[in-house]
Amino acid sequence: MLTLRDSASVTIAPIDGTPRATAEKLGPAMASALQQREIAASDKTASIASYELVGRIEEMPPSGDKVTLVAVWELRDPSGQSLGERTERLEAPARDWEQGAEDAVARLATASADRLAALLQDEPPTEAEVSGHTRLLISGVAGAPGDGGVSLPQAITEILKRQNLAIVTDPQAKADLVLDADVVVATPKAGKQNVKIVWRVRRKDGGEIGTVGQENDVPAGLLDGAWGDVAYMVAVSAQDGIMQLVARGAPPPTGKS
């Protein structure tokens, strides 16, 4: 089996979050999925030299009889320092998550392991590499009810900081790209509200790189106050599309901006 960086194994901590039936089965399934990729992993044993994989799950608002479950994974070195974070999401019937259905749990573990394999096997970026990362200005969110105009930018900032970007919040600071978003919430109907969020990545001179759209029906009034965990889950779901646009618009490594 592959030994990691300093010949240590990976210990998978008990998974936090709900549904609990899925959380309790995901740790063993994750260990098995990583072992299949020749990564020494266990949810049962640990040592002082082990890396730790910490995970948590949370359900997105349902879409019909199906629910998307988001898994957030953080790898920590033996001293407890975070080495990086990856997320995966998977849609399945709500009852499968509530019951911890073996097939659904295994598919989520397999997809998560695919994302984590490179993080587990590669050396973390050096300080010099980090300093050369694309500078992204988080410009703001327009049209969000409740505290969405504050909580959503905070959530996307926190998520994208873990993607090795140089996040900029001062509009006057130098930046390569700019990220903003528009939120449109429909009038309540039959106890539900349709929510559309469009994230836009553009160059600092205004040239648009592209957009990422999100849409879902949520309980009426859910977003009228504090967004809470909803802001974080929206950010998690948007990050892959945003990162694709950032990669498309990023300046060449040797270029000047």
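This report describes a predicted model of one protein chain, from its overall make-up to selected residues.

## Overall make-up

The chain has 257 residues, and 44% of them are buried. Its secondary structure consists of six helices and 11 strands. Among contacts in the chain with a separation of 6 or more, 66% are between residues 24 or more positions apart.

## Confidence

The mean pLDDT of the chain is 83, and 87% of the residues score at least 70. Strand E9 has the highest confidence in the chain, at 95, while helix H4 (residues 127-131) has the lowest, at a mean of 38.

Two stretches call for caution. Residues 1-7 have a pLDDT below 50, and this stretch has 24 contacts in the model beyond near neighbours in sequence. Residues 123-131 also stay under 50, and for them the model has four contacts beyond four places in sequence. Where pLDDT is low, the predicted coordinates should not be read in detail.

## Strand pairing around E9

Strand E9 (residues 177-185) pairs with strand E7 (residues 135-142) in the parallel sense, over six bridges. E9 also pairs with strand E10 (residues 192-203), here in the antiparallel sense and over nine bridges.

E9 and E10 form a hairpin with six residues between the strands. In this hairpin, alanine 190 takes a positive phi near 55 degrees.

## The largest pocket

The largest pocket has a volume of about 550 Å³. Its lining comprises 26 residues, and those nearest the pocket centre are Met60, Pro61, Asn216, Val234 and Ser237. Two or more lining residues come from each of the strands E4 (51-59), E5 (66-76), E6 (82-93), E10 and E11 (208-219), and from helix H6 (229-249).

By class, the lining of the largest pocket contains 14 nonpolar residues, seven charged residues and five polar residues.

## Glutamate 88

Glutamate 88 is part of strand E6. Glutamate 88 counts as buried because its relative accessibility is 14%, and the cut-off for buried is under 20%. Leaving out residues up to four places away in sequence, glutamate 88 touches Leu69, Val70, Ala71, Leu108, Ala111, Ser112 and Arg115.

Valine 185 is in strand E9. Its relative accessibility is 28%, so valine 185 counts as partly exposed. Apart from residues up to four places away in sequence, valine 185 touches Pro145, Gln193, Asn194 and Val195. Valine 185 and alanine 220 are 35 residues apart in sequence, with a C-alpha to C-alpha distance of 9.8 Å.

Leucine 222 is in the loop between E11 and H6. With a relative accessibility of 36%, leucine 222 counts as partly exposed. Proline 145, which is in contact with valine 185, lies 77 residues from leucine 222 along the chain, and the C-alpha atoms of proline 145 and leucine 222 are separated by 9.7 Å.

Methods:
Residues numbered from 1 in each chain as written. Predicted model: local features only at pLDDT ≥ 70, side-chain atom pairs only at ≥ 80, totals over all residues. Heavy atoms only, no water. Pairing = 2+ DSSP bridges. Helix = DSSP H or I, 4+ residues; strand = E, 2+ residues; numbered from the N terminus. 1 Å grid on protein atoms, 1.4 Å probe; cavity = no way out; pocket = protein on both sides within 12 Å on 5 of 7 lines; lining within 4 Å. Points joined across faces, edges and corners; volume = space filled by probe spheres on them. Nonpolar A, V, L, I, M, F, W, Y, C, P; charged D, E, K, R; others polar. pLDDT = per-residue confidence, 0-100. Contact = heavy atoms within 4.5 Å. Buried < 20%, exposed > 50% of the residue type's maximum accessible area, 1.4 Å probe, protein only.
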